Amino acid sequence: MTASKRKRIVLSLLPLAIILCFVYGYPLASVCISAFRGFGGSSDGQFVGLENFMTISEDIPQTVTTTLIWTFGSVLPAMVFGLVIAMICNRSFKGKKVVVAINLLPYAIPLIIVASCWRFVYNSDFGLINVFLEKIGLIDEPISFLSFDTALIAVIVARIWRAIPFAFMNYYSALTTIPQEQYEQASIDGAGPFQRFRYITLPNLRATTSSTIIVLTVWTFLVFDIIFGMTGGGPIDATMTISMRIYREMFSMKNTGTASAWSLIAIFILTLITILYWKLMNSKEDDYVE
Amino acid sequence: MSSKGTLPGRIVRTVLSVIFCLFAIIPIYMAVIIALTPYANMLEAQLWPHYHEFSNFLDAFGLIAHNIFNSFLYAAAATVLTTLISVPAAYALARYPFRGRTAVSFVLLLSQMIAGIVILPTLYQMFNELGLLDSSLTVVIVYTGVNLALVVTIHQGYFSTLPQSLEEAAALDGCNYAQLLTRIILPISGPGIAVGAIFVFVNSYNEFVIPLFLLSDSDKYPLTLTVYSLLSDTTIRWHIVGAASLIGIIPPVVIFTFFQKYIIQGVTAGAVKG
Amino acid sequence: MKKKRILSLILCVAMAGTLVMGCSSSSDGGEGSGEETGSSGTSSDGKTKITVIRPGDQEKVQAFLEPAVEQFMEDNPDIEVEIKYESWTGWIQTYPTYFEADTQPDVIFWWDNKMFDSSAREHFVDLTDLLSEETVSQIPESVWSLVDTGDEELYYIPSSVDTMVLYYNKDVFEAAGLDPESPPTTWDEFYEAAKAITENTDAAGIGVPAITGSEVLEEFVGMFINQATDAPILDENSEPLFETDEGMEAVEFVESLVPYMQASPTEYGRGELRPLLRDGQIGMLIDAPWAVPTFTEAFGENLDESIIGITSIPLAPNGKQITWAGTNGWVATREETAEASAKLIDWLMSPEILESHHIAYGSAPLLESEFENPAFQYDYWKVFYDDTQNFTLYGMIGKNSPTPSAYYTAMEEVWQQLILGQIDAQTALEGAAEAARGVTARNS
């Protein structure tokens, strides 16, 4: 490689590197340091070891559990529903364009507006679900969907709503790449629709499934806007996920240290999940070998 | 599988698509009902709009017009900045097999995995020390940062499909590197750049957490912050929240519907953000 | 192919446009923040420039503040005032950032319990020598005792006092077989009324605001504790004062009300409960004067003749006249503009502006002279005024702490558990005290 070419590469990448260091590099390094430093009080600015983690330790089990339920509770259904819609749209029928467009719609909407719209739907006084159930005589008293017992499910449904289009899009384009001959051959061999799905469609979608599920998991794990706008982490701690904790530590406790401790916990768990998925997806490979 | 299929299969498909379409549309439909209802009648049960208070939309627009403008401004500035930084970088990554290229790609992937909320506490601290809190410029820079990885990935994918011969032709014509990029590569990269630009624009327009941490002056608020502000008022004016939400989603929805093909292309090219 | 060409055309135009806009916007942002709010405070024409914010519904704020500021600038040609608007929630979310960034307005409508807030504290300016004597002396003693932060200096000028009163729906009372003209005056009567309403009508006895992330539930429970213990919730070291038999009595009383609250209390803030009382879906509501506009909108100015009754808070078994009160008032935040800021505060505290402020925003009268205004001619305003004059007032928590709002979030979880029947009064009392101590310990 010539010197001028090297210079060219460096110059091309320099602005990218600067911005990424500024927006990710430094703050991320700073998270790792802040998590072990005191903020406010007598230990301000000092190295405090694991004290920040001790301070939040009582909340960790509950918060992590809630975050995991929130994540898997919304990612897995979104994947399944996304696949179903993609299968439907994989053939031509009247109105297909409309069906595709409508099912992509939620993907365009800002998460905070997703929260506001779902709060309308769940409202005890005028929410559509309660009004509908009362009109058809299924209930007398409105159900309070955002109460302690059901709030987590309620926010998960909103998240599923927003995540389906992403799974749908990925499966939709993946399905078009499956060679038709495989299906034709299978039909000739006498395979029914379920067998065709099990032995042709699913194996062909494996790569898409693994990448989509990882991306959705990583993003859902730390989604903030929907919960913040719908329940604020409550009632009590029913919807208190790690991202809500980070916000509270930062603005209610004004403590960058404990906020960073939560961030580190989140990064750690996310890394674990990603590795786990990776392993799972690769080990399953054997199943699909024909 | 392009045949019409059996009758039961068709019925199942129709029923399912109706259900999924209803599910996708219900929250929006609900917002329409709320937005058309006068505040005094809000507690009334409505399955379809009983009122047609279109003035709610005017009131809401009056409140948020300035913020929609801000959202546009931040999103547009971030789009331009991202594109300017990404094009040379993505081109180098796509064309020159230099040492450390894998490392760069890995860092890009990693940055896409990190949600804003994780770094925002320390980002807040950093901008505070630099005296850059509560500034529109800061917001634009952070928007650019969080979208760069995504756009570089898209651009890189597109550039690697361009024929190598272009470069050789340019070299023969005596073009230098900058000229190569601006005269030869840019004009034929419209679609690739468009996909990237659409994603940055919509992501930035929809962004909420970043300005929530970094801005305080309501004159600088993007639309998303104003909607939250309305949503958390002591007395929630549901009709205004509904109307503001509906007005606010128009730009991204229009973009998505119009450029649907590019969006799907971008998503499958690795443009994450579920 | 045609589509593609159109697309790239649109993009080119958009890019060119935004490039121009983008550049100008960023420089606008940069300069703007330096100029309007920067520390210089004096513009090239020798005028002192200050900004003022009164958080809240913009329409109401505009109604009194715009004419007031206009008049002020006419009288003080050397001062230029800019008004900023922001909702309460927006302001609560963002004031830390304002202060950290040093872009906060020069004059702010502040709270008494956030005087020691770690992000704001160092910015407040001592106004002792700058304010006029009348401004300070017109404020009643009971109010000063509420906001006294123990310092000799004068940082905060209370401009409105909002006490908790009992609102009740007379139609609901009648339907429940209660006398609408003799509302409950003691806890026992209050309990009996809530019970009678729930049992004899479709309405719930009492509305309780318990929504997450707002400060309303802590203030609701806190008021009963204030009444029973005749003490603030936290002492000046921010240690809990309510772990006593009297504190227990209060928490047990709240627990006894649980069966008579509206369904799903955690879904409701104060604002959502007011229409329920108006429409007779709940019988009683404990709220501040901010609720009045909801009812005057529906029933006209003269609430004395309406179905909404307003009376003092029922008294605890000790019989002492005690209620919760919050104050808002003015602070100045920059030494460089302190003189101009004090002048503006003097003006905003003058009886005529104060009165228009209270009328526009639905606050109760603070000065006796305000009753001469026809807007305050009705008897119900006397209830608020007399509370301020005659009751012992206990205010918001976290006064002496650098993180006042942390007490609200920490204790809110415990009170929510109590209201939802997950824990009993004993556990709640201990849990709340533990939560408060936890916050204090973290700050030391």
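A crossing of two helices is termed left-handed if the near helix is turned anticlockwise from the far one by less than a right angle, and right-handed if clockwise. The structure is a predicted model, in which local features need pLDDT of at least 70, side-chain atom pairs count only at pLDDT 80 or more, and totals for chains, interfaces and linings use all residues. Residues are numbered from 1 along each chain as its sequence is written, while chains are lettered from A and ligands numbered from 1 in the order in which they are written.

Within chain A, α5(A) passes α7(A) in a right-handed crossing. Helices (H or I, at least four residues) and strands (E, at least two) are DSSP runs numbered from the N terminus. Helix α5 (residues 111–122) and helix α7 (residues 151–176) of chain A pack with their axes 10 Å apart and at an angle of about 130 degrees; axes are lines fitted to C-alpha atoms, for helices over the stretch in contact, and angles run from 0 to 180 degrees between N-to-C directions. α5(A) and α7(A) are therefore oblique to each other, given that angles under 35 degrees count as roughly parallel, over 145 as roughly antiparallel, 65 to 115 as roughly perpendicular and the rest as oblique. A:L111, A:V114, A:A115, A:W118 and A:Y122 of α5(A) make the contact with A:A154, A:A158 and A:R162 of α7(A), two residues being in contact if their C-beta atoms, placed from the backbone, lie within 7 Å. By class, these residues comprise 7 nonpolar, no polar and 1 charged; Ala, Val, Leu, Ile, Met, Phe, Trp, Tyr, Cys and Pro count as nonpolar, Asp, Glu, Lys and Arg as charged, and the others, Gly among them, as polar.

The contact between chains A and B takes 79 residues from chain A and 75 residues from chain B. Helix α1 (residues 3–34) of chain A provides the largest share of the chain A side, 18 residues. That side has 57 nonpolar, 15 polar and 7 charged residues. The axes of α1(A) and helix α2 (residues 55–95) of chain B come within 8 Å and cross at roughly 130 degrees, which makes α1(A) oblique to α2(B). This crossing of α1(A) and α2(B) is left-handed. From α1(A), the contact involves A:I9, A:S12, A:L13, A:P15, A:L16 and A:I19, and from α2(B) it involves B:I85, B:P88, B:A89, B:Y91 and B:A92. Of these residues, 10 are nonpolar, 1 is polar and none is charged.

Residues 142–161 of chain A are 55% helix and 0% strand, with end C-alpha atoms 23 Å apart, whereas residues 256–278 of chain A are 100% helix, with end C-alpha atoms 33 Å apart. In chain B, residues 139–159 are 100% helix and residues 180–202 are 96% helix. The end C-alpha atoms lie 29 Å apart in residues 139–159 of chain B.

Chain C is divided into domain 1 (48–163 + 325–394) and domain 2 (165–323 + 399–443), with bounds from an automatic or database domain assignment. Their centres, taken over C-alpha atoms, are separated by 27 Å. The contact takes 26 residues from domain 1 and 25 residues from domain 2 of chain C.
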